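Here are a few notes to read alongside the model.

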Amino acid sequence: MPCLRIETNVSKESFNQEKMANELLEALAKSMGKPIEYCMVVIVPDTLIFTGVDKTGKLPSVNASLMSIGCLGLKENKKLVAVLYPIIQKYLGVNEGLCYIQFKDVPSKDLSYKNMTFHDILG
C-alpha cells in the first residue's frame, strides 16, 4: 500500500538505485507496520529540479511523495521523516533543506491491487 516516489536531480550513475530502493522498502515496511509485499519505491533520477535555494539546479535535491492507506498523520509522519531522510541523504547526498516529502493518506476505495480495490481486499 505505501508507495514512496522519489524524484531527484542526482544522476542514475551516481548511486546504487537497487540498494537504495531495497533499504527504503525495508524501512517503509518496518516503520509503517505494512507487509513488504504491499510496499513500493519508485526512484526517478536525472530530473530537473530548481529551487529558490538553488536556481541552477545543480545541488542534489529531492521531491518525494509517500502515499499510503492509513499509517500517516502528525506523529507517524515525524517518525517516517526520521527514518527516510537519513537513507535519502546516504545515497543521494541531499541537504535537508533541499529534500521535500509530501504525505498523502488515500482512501482504500481509491487504490487498486490485483484487479480490485483495497476496499474490496480490506473491507
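The points below go from the sheet to the helices and then to the cores.

1. A word on the basis: this is a predicted model, where local features need pLDDT of at least 70, side-chain atom pairs count only at pLDDT 80 or more, and totals for chains, interfaces and linings use all residues. Residues are numbered from 1 along each chain as its sequence is written, and side-chain values use heavy atoms, with hydrogens and water left out.

2. Start with the open sheet, whose 4 strands come in the order E2-E1-E3-E4 with mixed pairing. Strands are DSSP runs of E, at least two residues, and helices are runs of H or I, at least four, numbered from the N terminus; two strands pair if DSSP finds at least two bridges between them. Strands E2 (40-44) and E4 (99-105) are the edges, each pairing on one side only.

3. Strands E1 (residues 3-8) and E3 (residues 62-68) run antiparallel, joined by 6 bridges. Here Ile-6 sits opposite Ala-64 of E3.

4. Next, the helices. H1 (residues 17-32) packs on the sheet and touches E1, E2 and E3, with contact meaning heavy atoms within 4.5 Å. H2 (residues 74-92) lies across E1, E3 and E4.

5. Which residues touch the most other members of the largest nonpolar core? They are Leu-4, Ile-6, Met-20 and Leu-92, out of 30 residues. Such a core is a set of buried Ala, Val, Leu, Ile, Met, Phe, Trp, Tyr and Cys residues joined through side-chain atoms within 4.5 Å, buried being under 20% relative accessible area with a 1.4 Å probe, protein chains only. H1 gives the most to this core, 8 residues.

Terms used
Axes are lines fitted to C-alpha atoms, for helices over the stretch in contact, and angles run from 0 to 180 degrees between N-to-C directions. Buried means under 20% relative accessible area, exposed over 50%, partly exposed in between (1.4 Å probe, protein chains only).
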